[in-house]
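Please load the model in your viewer and keep the sequence panel open beside it. The tour below moves from one selection to the next and says what is there at each stop.

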Amino acid sequence: MRKRMIAGNWKMNKTYTEGVVLAQELADELAGKTGDVDVVVCPPAVDLKGVGTVIEQKSAPMALGAQNVYWEESGAYTGETAPDMLTNVGCSYCIIGHSERRDYFGETDEDVNKKAKALLAHDIVPISCCGESLEVREAGKHVEFVVDQIRKDTEGLEISDPSRYVIAYEPIWAIGTGKTATADDAQEVCGAIRATLVDVFGEETAAGIRILYGGSAKPDNIAGFLEKEDVDGALVGGASLKADSFAAMVISAAE
Ligand code: PEP
């Protein structure tokens with residue numbers, strides 16, 4: 001049985017001070033209400049320590065995640081962050097392969113694969129993103145495109161505990177646009193992702209890997225996605241920036 005997950009991607013929003021305030025509000029809103037849902041917040045790198053401290057001090061029912069990582073251990077990689085550095089500030093999750101990193105910063109499937117391997121080696125759970133552009137969707141090639149991403153991103157990964165590897169299906173045309181995929185659209189691709197995972201890792205491991213939907217997910221549409229067989233939660237951008245809307249999504253997932 002897969003545990004549901006709601007993860008908030010704050011992207012490049014919230015200063016250190018604002019991030020601490022949001023974490024405090026979330027801790028208050030979520031206390032005693034998360035049920036059997038894994039909640040993750042992924043603030044900007046400079047906010048990680050502050051948000052982690054709030055989580056610890058308030059025993060908040062949420063885990064800390066980063067938005068990016070580099071695969072090397074240390075050294076001359078200006079601007080990058082190593083897995084150990086994330087662990088040291090309390091991160092147990094990390095988003096990789098987000099479409100914004102792929103589109104604006106040239107992250108490739110090969111990079112995503114290296115990052116996943118580095119994170120798994122350091123016991124940090126990757127939240128590995130995939131998803132097609134509008135052009136690919138309109139050409140009817142979305143399933144094929146995402147399956148190809150999954151095959152490349154998972155190549156050679158050794159997953160001993162499937163609850164510690166997460167995939168987020170995020171159709172690019174639905175991110176931050178207010179346009180959501182329908183729950184059936186999400187299931188079509190998430191089902192194909194699950195079938196690919198069976199092929200790559202075998203039945204048992206594939207059955208334990210969580211697949212999240214992301215793309216304009218909000219309190220009023222989350223329930224529809226969660227009804228689908230292969231959708232195990234959501235990666236939330238805009239709606240994770242306000243404590244009340246993010247908490248409402250968590251509470252809906254916990255029902
Ligand atoms: C995201 O970019 O991860 C995302 C899902 O954003 P939004 O919810 O704002 O569409």
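Is Thr196 buried or exposed, and at what relative accessibility? Thr196 counts as buried because its relative accessibility is 4%, where buried means under 20% relative accessible area, exposed means over 50% and partly exposed lies in between, with a 1.4 Å probe and protein chains only. Before going further, please note that this is a predicted model, in which local features need pLDDT of at least 70 and side-chain atom pairs count only at pLDDT 80 or more, while totals for chains, interfaces and linings use all residues. Residues are numbered from 1 along each chain as its sequence is written, and side-chain values use heavy atoms, with hydrogens and water left out.

**Stop 1**

Keep Thr196 selected and display helix 8 (residues 183-201), in which Thr196 lies; helices (H or I, at least four residues) and strands (E, at least two) are DSSP runs, numbered from the N terminus. Leaving aside neighbours within four places in sequence, Thr196 is in contact with Val147, Ile150 and Arg151, contact meaning heavy atoms within 4.5 Å. Next select Thr154, in the loop between helix 7 (142-153) and strand 6.

**Stop 1**

Now select strand 7 (residues 210-214), where five of the five residues are buried, so the strand is largely enclosed by the rest of the structure. Both faces are covered, with Arg210, Leu212 and Gly214 buried on one side and Ile211 and Tyr213 buried on the other.

**Stop 2: Asp230**

From strand 8, step back to Asp230, which lies in the loop between helix 10 (222-226) and strand 8. With a relative accessibility of 8%, Asp230 counts as buried. Its contacts, leaving aside neighbours within four places in sequence, are Arg2, Gln187, Cys190, Gly191, Arg194 and Ile211. Show the side chains and you will find Asp230 in a polar contact of 2.8 Å with the side chain of Gln187, and in another of 2.9 Å with the side chain of Arg194. A polar contact is a pair of N or O atoms within 3.5 Å; within protein, one must be able to donate a hydrogen and the other to accept it, and residues adjacent in sequence count only if both atoms are side-chain atoms.

**Stop 4**

Select strand 1 (5-9), which is mostly covered, five of its five residues being buried. Met5, Ala7 and Asn9 point one way and Ile6 and Gly8 the other way, and all are buried. Strand 1 pairs in the parallel sense with strand 2 (residues 38-42) over five bridges, and Cys42 in strand 2 is the bridge partner of Asn9.

Continue into the loop between strand 1 and helix 1 (16-30), where Lys11 is placed. Most residues other than glycine have a negative phi. Lys11, although not a glycine, has a positive phi of about 50 degrees. Lys14 is found in that loop too, and its phi is also positive, near 85 degrees.

**Stop 3: the ligand**

Finally, which residues are the closest to the ligand? Of the 15 residues that surround it, the closest are Lys11, His98, Glu170, Gly176 and Ser216, a residue counting as near if one of its heavy atoms lies within 4 Å. A polar side-chain atom of Lys11 lies 2.5 Å from an oxygen atom of the ligand, and an N or O atom in the side chain of Glu170 is 2.8 Å from a ligand oxygen atom. For Gly176, a backbone N or O atom lies 2.7 Å from an oxygen atom of the ligand.

Terms used. Pairing = 2+ DSSP bridges.
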